[in-house]
Amino acid sequence: MTAIDAFALYTGINGLLLMALAFNVVRHRQRAKVGFGTGGDEALERACRVHGNAIEYVPVGLIIIGALALSSAPILVVHGIGITLTLSRVLHAWGLSTSSGTSFGRAVGTLLTWVALIVGSGFLIWTAIS
């Protein structure tokens, strides 16, 4: 597997995750009969935030992974960032889906997302200036 193949793998997995979260929003919209906004429905609001949070972080994470692959980063770095991003987003989605407050999944998912973005960004900057 090449770094580009690894990028494709994590893009595909995270794309499916985003679609699953979008389908969950649609399911809650149909149940609550709300076409726009959340209509004050707490479950729909939570589903929208779970999807929205993933949309806020997954694209930049995938851009970082793609740039790592294109900059000839070691395959282990690409996999490390890819696995961390993917696992963190699954954990965060699970944690926020089950509780509006603090939860293990939400806390660890957030932390690992930030680690993936910071380490990946740092590696890209280091590669660019050295």
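Select residues 3-32: this is helix H1, 30 residues in this predicted model.

Start with Ala3, Ala6, Tyr10 and Asn14, which are among them. Continue with Leu17, Leu18 and Leu21, also buried. Asn24, Val25 and His28 complete the buried set of H1. Look at the spacing as you go. An α-helix has 3.6 residues a turn, so residues three or four places apart point the same way.

What covers these buried residues? Show residues 42-70, helix H2, and residues 75-98, helix H3. Both are included in the cover over the buried residues of H1.

Now step just past the end of H1 and select Lys33. Its phi is positive, about 55°.

Zoom out to the whole chain and switch to cartoon. There are 4 helices and 0 strands. From the N terminus on, the order reads α-α-α-α. Along the principal axes, the C-alpha trace spans about 55 × 25 × 20 Å.

Then switch to the surface. The accessible area comes to about 7100 Å², with 73% of that belonging to carbon and sulfur atoms. Of the 130 residues of the chain, 37% count as buried.

Last stop: colour by charge. The chain carries 8 positive and 5 negative side chains. The centres of these two sets lie 5 Å apart.

Definitions and conventions: Residues numbered from 1 in each chain as written. Predicted model: local features only at pLDDT ≥ 70, side-chain atom pairs only at ≥ 80, totals over all residues. Heavy atoms only, no water. Helix = DSSP H or I, 4+ residues; strand = E, 2+ residues; numbered from the N terminus. Buried < 20%, exposed > 50% of the residue type's maximum accessible area, 1.4 Å probe, protein only. Areas by Shrake-Rupley, 256 points an atom, 1.4 Å probe, with all protein chains shown as cover. Lys, Arg positive; Asp, Glu negative; His and termini not counted. Charge placed at Lys NZ, Arg CZ, Asp CG, Glu CD. Expected span 1.5 Å × (residues − 1). Contact = heavy atoms within 4.5 Å.
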